[in-house]
Amino acid sequence: MLALTAGILFFCALFCGFTHILPKNIKVNGIEVGGLTQKEAAYKIRQNFEEELKQKQLKICAKSGEYVFRYPEINYKDDLKNLLKSVKKGGSYTASYECYLCGINEIAPDICRNESIFTVEPYAVFNREGAPFTYYAGNDGIIANEAQLKEDIKNSLNSNFEKVTLKYTCVKRTKTVEEVKKETSLLSSFTTYFDGENLTRTSNIRLAASSLNGRILGGGSVLSFNGAVGARVKERGYLPAKIIVDGEFVEGVGGGVCQVSTTLYNAALLAGLNINEYHPHSLAVSYVPPSRDAMVSGSSCDLKIENSSRTPVYIRAQTGKNFVSFKIYGASTGAVYELSSEVTGNIPATREFTKQKDKARAGKDGVLSSGYLTVKRGNETKITLIRQDRYSPQNAFIYDGDEEENENKGKTFN
């Protein structure tokens, strides 16, 4: 029973609202609506307003052209419902309307994005070949003002539909090309030389160096030589050449790669970079003085270089017929770095006799050595001991086959 009563009351309220007749001689916005129901009056008034609205358009003028919007993209809301409830016979009334752009919260940002030119700071592109860097000047930005655009659209739609002009804010570049060039200046260069006629070793050196060429080490980052170069295996193009194993030079895949790591090690120190990991060879090498080498091997011995600055450094590797060279670029701190080494002791090689003629060789004494890094800043010079090393001797083997040869003289062999 209660549900039925509630339903009847709702129907009556709805029906009465639709059928309520307005008093005679009522005008709204100059339109005679007396004697009409509220619904009929609202329809008539709105129809008239919509016809007027269809003749209007909103123009937004921007640098690239005009954006034009019309009804029904432009719509409105009014107060007719409340107004028509309160009209009296013979009265003349004005209904208020508020126009709006449908989807303004999507349209305004889209226009601003299309019309904005974002600031591009001057920058450098690091090249693997040719000139180390290509420099670009960038451009200043102009950013369209979204909040102002929304406000101007609303003001235009609710006045005389004046043309809206998009407003911009200029955003200047914060640096110059000259400043970028200072951040990409040459910090160091180091070169070592090899026998270009040793084709397999030369090939390994070139392959390893190419894996490092063009590397960019960001501020606070660490470069792992093994991670950058990868495994030195036949499947990746590495060839057999001399390597050091257990204090002896033997044939092994990837021989020559340690010359690349050593060259990079010296260039990194001369650029002021930190060395987080290095390993000396067991034997002294010929291409750098003692305490200036950096051996790498598989995954157990690595060379790790840290860029502790906030700006990146750029690594350029180059190989020629008989040399490998590294150049490192970045922002200079004003310091000048120098490397030096000192032999502090001698480890005599022993002499052994052998009956195998092909095993005979001259020995080479081992050495004890120290490496130093000198840092010069203005009038200040600081020398730091950075490493101490022990390089094993290579024992001499003296061929002792004369007695055996004499005993065999005159004998006949089948």
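Mentor: Helix H7 (residues 199–212) and helix H9 (residues 257–270) pack at an angle of about 45°, with their axes 8 Å apart; helices (H or I, at least four residues) and strands (E, at least two) are DSSP runs, numbered from the N terminus.

Trainee: Why is H7 called oblique to H9?

Mentor: Angles run from 0 to 180 degrees between the N-to-C directions of axes fitted to C-alpha atoms, over the stretch in contact, and under 35 degrees counts as roughly parallel, over 145 as roughly antiparallel, 65 to 115 as roughly perpendicular and the rest as oblique. The angle of H7 with H9 is about 45°, which makes H7 oblique to H9. The model is a predicted one, in which local features need pLDDT of at least 70 and side-chain atom pairs pLDDT 80 or more, while totals for chains, interfaces and linings use all residues. Residues are numbered from 1 along each chain as its sequence is written, and side-chain values use heavy atoms, leaving out hydrogens and water.

Trainee: Which residues of H7 meet H9, and in what sense does H7 pass H9?

Mentor: From H7, Arg201, Asn204, Ile205, Ala208, Ala209 and Leu212 meet Val257, Gln259, Val260 and Leu264 of H9, where contact means heavy atoms within 4.5 Å. By class, this contact of H7 with H9 has seven nonpolar, two polar and one charged residues, counting Ala, Val, Leu, Ile, Met, Phe, Trp, Tyr, Cys and Pro as nonpolar, Asp, Glu, Lys and Arg as charged, and the others, Gly among them, as polar. H7 passes H9 in a right-handed crossing, that is, with the near helix turned clockwise from the far one by less than a right angle.

Trainee: What makes H4 and H5 oblique to each other?

Mentor: The axes of helix H4 (residues 104–115) and helix H5 (residues 146–157) come within 9 Å and cross at roughly 130°, and H4 and H5 are therefore oblique to each other. Their crossing is right-handed. Ile104, Asn105, Ala108, Pro109, Ile111 and Cys112 in H4 meet Glu146, Leu149, Lys150 and Ile153 in H5, a contact that divides into seven nonpolar, one polar and two charged residues.

Trainee: Which residues lie nearest the centre of the largest pocket?

Mentor: Lys242, Ile243, Ile244, Cys258 and His281 do, out of the 32 residues that line the largest pocket. A pocket is an open set of points on a 1 Å grid over the protein atoms alone, where a 1.4 Å probe fits with protein on both sides within 12 Å along at least five of seven lines, and lining residues have an atom within 4 Å of a point. The volume of the largest pocket is about 710 Å³, taken as the space filled by probe spheres set on the points. Strand E16 (240–245), strand E17 (248–253) and H9 each supply at least two lining residues, and E16 gives the most, with four. The lining of the largest pocket divides into 14 nonpolar, 12 polar and six charged residues.

Trainee: How many charged residues has the lining of the second largest pocket?

Mentor: That lining has no charged residues, with 11 nonpolar and 10 polar. The second largest pocket holds about 320 Å³ of space, and among its 21 lining residues Leu187, Ala271, Gly272, Ala331 and Thr333 lie nearest its centre. Two or more of the lining residues come from each of strand E13 (185–193) and strand E22 (336–347), and E13 gives the most, with three.

Trainee: Why is the bond from Tyr71 to Pro72 worth noting?

Mentor: Most peptide bonds are trans. The bond from Tyr71 to Pro72 is cis, with omega near 10°, and Pro72 lies in the loop between strand E4 (65–69) and strand E5 (74–78).
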